[in-house]
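Dear colleague,

Please find the structure below for your review. My notes on what was found follow directly after it.

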Amino acid sequence: MNIEIKENGTWFHGSNQRFTMLKKGSTITQWKALAEAFSHQPSSLSYEDNGIINHNGTEHGYLYVIDEPIVVGTDIYPHPRTTMDQNAEFLTARDLKVKLVSKLMV
């Protein structure tokens, strides 16, 4: 699957916890549905070439957006051990402010 990063695009993080600051080393993505899926804390997650995501997560989650400017290569970098396609997952190089977007039911 081809995932294109938009320079000024929105970055998402999914979690089952509430907070206002995302810690250094956390995973973020511009693929909203992927962040939503990860918010449910699955032990198994896969996706099809058409973008349909399958997972076994059972927890309610929260969807966040990064609430400050991000520079790829400085503030975030590609996840070095991802099993997903290029540009699916990035890691944060510093703590980042986040804004809660929604609560996600399983």
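A polar contact is taken here as a pair of N or O atoms within 3.5 Å; within protein, one must be able to donate a hydrogen and the other to accept it, and residues adjacent in sequence count only if both atoms are side-chain atoms. This is a predicted model, in which local features need pLDDT of at least 70 and side-chain atom pairs count only at pLDDT 80 or more, while totals for chains, interfaces and linings use all residues. Residues are numbered from 1 along each chain as its sequence is written, and side-chain values use heavy atoms, with hydrogens and water left out.

Threonine 29

Threonine 29 sits in the loop between β3 and α1; helices (H or I, at least four residues) and strands (E, at least two) are DSSP runs, numbered from the N terminus. A polar atom of the threonine 29 side chain lies 3.1 Å from the backbone nitrogen of tryptophan 31. The side chain of threonine 29 also reaches the backbone oxygen of alanine 88, at 2.6 Å. Threonine 29 counts as buried because its relative accessibility is 4% (buried means under 20% relative accessible area, exposed over 50%, partly exposed in between, with a 1.4 Å probe and protein chains only). Leaving aside residues up to four places away in sequence, threonine 29 touches Thr10, Trp11, Phe12, Leu34, Ala35 and Ala88, where contact means heavy atoms within 4.5 Å.

The largest pocket

Threonine 29 is also one of the residues that line the largest pocket, together with Phe12, His13, Gly14, Thr27, Ile28, Leu34, Ala35, Phe38, Gln41, Pro42 and Glu89. On a 1 Å grid over the protein atoms alone, a pocket is an open set of points where a 1.4 Å probe fits, with protein on both sides within 12 Å along at least five of seven lines; lining residues have an atom within 4 Å of a point. The space in the largest pocket is about 170 Å³, a volume being the space filled by probe spheres set on the grid points, which are joined across faces, edges and corners. At least two lining residues come from each of β1 (12-15), β3 (27-28) and α1 (32-39).

Helix α1 and isoleucine 53

Within α1, the residues Leu34, Ala35, Ala37 and Ser39 are buried. The buried residues of α1 pack against β1, β4, β5 (53-55), β6 and β9 (96-104). Isoleucine 53 belongs to strand β5, and its C-alpha atom is 7.7 Å from that of alanine 33, 20 residues apart along the chain.

Aromatic pairs

How many aromatic pairs does the count come to? The count is 3, where rings of Phe, Tyr and Trp (its six-membered ring) pair if their centres lie within 6.5 Å, and planes under 30 degrees apart count as stacked, over 60 as edge-to-face and the rest as tilted. Phenylalanine 19 and tyrosine 64 form a stacked pair, 4.5 Å centre to centre with 15° between the planes. This pair links distant parts of the chain, 45 residues apart: phenylalanine 19 in the loop between β1 and β2 (21-22), and tyrosine 64 in strand β6 (residues 61-66). Phenylalanine 19 is partly exposed at 25%, whereas tyrosine 64 is buried at 0%.

The rings of tryptophan 31 and tyrosine 47 have centres 4.9 Å apart and planes at 85°, so this pair is edge-to-face. Tryptophan 31 is in the loop between β3 and α1, and tyrosine 47 is in strand β4 (residues 45-47), 16 residues apart.

Kind regards
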